[in-house]
There are 2 protein chains.
Amino acid sequence: MFIKIGLIGKGNVGSCFLELLKIKKNYLNKKLNLKYKVIAIYEYDGALINEKGIDIDEILLLRNNFRSHKDWKENVKAIDSISNLNLDVCIDTTPTNPNTGEPALSHIFKALNNNINVISSSKGPFYLKYKEIHDLAKLKNLLVKYEATVASNVPILSIKDSLKGNEIISIKAILNGTSNYILSRMSSEGVAFSVALKEAQELGYAEADPTLDIEGYDAAGKLVILANELFCWSKTIKEVKIKGISKITQHAIELAKSEGLIIKHLAIAEKGTLIVEPRLIEKDSPLNIEGTLNVIELQTTYSGPIIIMGRGAGGYEAGSAILNDLISIHRIINNIK
Amino acid sequence: MFIKIGLIGKGNVGSCFLELLKIKKNYLNKKLNLKYKVIAIYEYDGALINEKGIDIDEILLLRNNFRSHKDWKENVKAIDSISNLNLDVCIDTTPTNPNTGEPALSHIFKALNNNINVISSSKGPFYLKYKEIHDLAKLKNLLVKYEATVASNVPILSIKDSLKGNEIISIKAILNGTSNYILSRMSSEGVAFSVALKEAQELGYAEADPTLDIEGYDAAGKLVILANELFCWSKTIKEVKIKGISKITQHAIELAKSEGLIIKHLAIAEKGTLIVEPRLIEKDSPLNIEGTLNVIELQTTYSGPIIIMGRGAGGYEAGSAILNDLISIHRIINNIK
């Protein structure tokens, strides 16, 4: 049986995912008995659709010229079309409006309402409507996976299943690479906030409008998803107390340093509360990571701290997280032990 | 349906596991629908046996006087008895002879041959007879879990399932807390190897005979299990090139320091080879951890390095890893999604 996939969004993440599907095709078929057909690939202005399965090799060779492929249908929209294709899994990788979660949010509800399992790398829907999405999935007996939304391929959501014999008390994390890069540079090179920000923008780490990163909204969204998942909460981003790093001065950093401390932009979940703010940590804390990495420290009742770190962003990183979600769904729906 | 458990070994790990079963009983019953009965608890000189289920509260209250309990049967041996009790899961927590893997090895084969799933915190069987154990389990359609054998509750074996969409290229790890503690002290305090070793022994980190730790055999055993699991190998400890740390001098440590480097006792698996030896690493490497922690760095094709760290030993740590293995087995045998 083939898993029939609809992919929404053929940007960096969507394209890397397709490439991974191609590279790992043999492994998926032979080792995991996972056979797939990509039935539709949606963009904002149309879609590639082929009910017998799109030729991914051809599409990847065409790169940004994929609209010239014979399967391209102008003006077909995902929201109208996904319900007509008998899909098993719908994968959303669209860029999200951070305040509304759209268009991903509508795609997810549409898919679930039409009995299609969901994978998403868009976090908006999950920090805005976590409960509603999960309630609907449960009602419909469907799966929703979104490992890529927090720390990309670092498996911090699926680690939950491996810690059920323990008990997580608190989460402390660095979930935004841009703000961590800026603080790292301010600390190691002694440069001002504005200089470090400009550097981050030139290196492509920060957006032209870096507000979501430096003011903590991006980290807060990820924190909501992480805490909801690990603590079985149903909170939204409105419940996070958020403070950014734009007011951190060189003076404050030097003062901390003189006490052997470091200022980091931490995302914290404990005792029912969610906080993103600059905090002082010990210089030799495992949370003292440099550059654009992400790190998560889980304090546990029976094993003390468990720490996991890795890259928090990138096309292949998110693509491989999505592929792993697909493998999980395959194992569950096809009852593979 | 109750899961019927036989526990072999009521030392520190076995007792902590029983305590966790008690503490988390409500959670297991209500949230995970996992109902259990502990039918037998074996020690070297007899066993507690009750086919209706041993009263764990009573046993825990008796502490080391458990042999006074009404269910105690003198001279009953696990190897003769486990096949007679209709067990679903046999949990081995016995101390292992590092060269033979006994008595755990025989317990595991006996259990599998009698259609009983296995959980083990004894690593000997898995670095000596990994293939044979897995072949038998497969033949019998049974489950064998042993998360506690490597880095205790740090879920480095089960992380495999979360990285199938990626590809692990190499493993670099610190898997022995004692030798890491000694090197840390030599480096931070400038003390000689013999002094740091004595300190570790006084603090209870090192055994009276510390050979297995400082000569690398303990780390090598864990490395075999980790690499077999993550790379689908079937190697044994004979295939590990092992060098200890007892010849590391203060001079060597100072020399490394002057270049900004640190000497660590690394366990490395890459390109088909297994090595445990002292290696130089950068001062700001994530592998530069202090004290008795364990750390594992997985180099991956699609997400760069993924690092996970935490406590590598301890009764509750191992107990919660075992409990998690039990939860996994429950989910699989009872087909819970």
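Residues are numbered from 1 along each chain as its sequence is written, and chains are lettered from A in the order in which they are written. As the model is predicted, local features need pLDDT of at least 70 and side-chain atom pairs count only at pLDDT 80 or more, whereas totals for chains, interfaces and linings use all residues.

Chain A is divided into domain 1 (2-152 + 316-333) and domain 2 (158-311), the bounds coming from an automatic or database domain assignment. The C-alpha centres of these two domains of chain A lie 29 Å apart. Their contact takes 13 residues from domain 1 and 17 residues from domain 2 of chain A, two residues being in contact if their C-beta atoms, placed from the backbone, lie within 7 Å. On the domain 1 side, helix H6 (124-128) and helix H7 (130-140) of chain A each supply at least two residues; helices (H or I, at least four residues) and strands (E, at least two) are DSSP runs, numbered from the N terminus. H6(A) gives the most to this side, with 3 residues. By class, the side of domain 1 that touches domain 2 in chain A comprises 7 nonpolar, 2 polar and 4 charged residues. Here Ala, Val, Leu, Ile, Met, Phe, Trp, Tyr, Cys and Pro count as nonpolar, Asp, Glu, Lys and Arg as charged, and the others, Gly among them, as polar.

The contact between chains A and B takes 35 residues from each of the two chains. On the side of chain A, strand S13 (304-311) and helix H13 (315-333) are the elements that give two or more residues, and H13(A) gives the most, with 9 residues. This side of chain A has 17 nonpolar, 12 polar and 6 charged residues. S13(A) is joined by 4 bridges to strand S13 (residues 304-311) of chain B, and the two run antiparallel; strands pair if DSSP finds at least two bridges between them. Within this pairing, A:Gly310 has B:Ile306 in S13(B) as its bridge partner.

Chain A can be laid on chain B with an RMSD of 0.0 Å by a turn of 180° and a shift of 0.0 Å along the axis, the superposition being by least squares on the C-alpha atoms of residues with pLDDT of at least 70 in both copies. This is the relation of a two-fold axis. In chain A, the C-alpha nearest the axis belongs to A:Ile308, at 2.2 Å. The same surface serves both copies, as 100% of the contact residues of chain A recur in chain B.

Several backbone features were also identified. The peptide bond from A:Glu102 to A:Pro103 is cis, with omega near 5°, and A:Pro103 is found in the loop between strand S5 (89-92) and helix H5 (104-113) of chain A. A cis peptide bond likewise joins B:Glu102 and B:Pro103, with omega about 5°. B:Arg63, although not a glycine, has a positive phi of about 45°; B:Arg63 lies in the loop between helix H3 (56-62) and strand S4 (72-74) of chain B. B:Arg63 is exposed, with 8 other C-beta atoms within 10 Å, where a residue is exposed at 12 or fewer such atoms, buried at 20 or more, and partly exposed in between, with C-beta atoms placed from the backbone.
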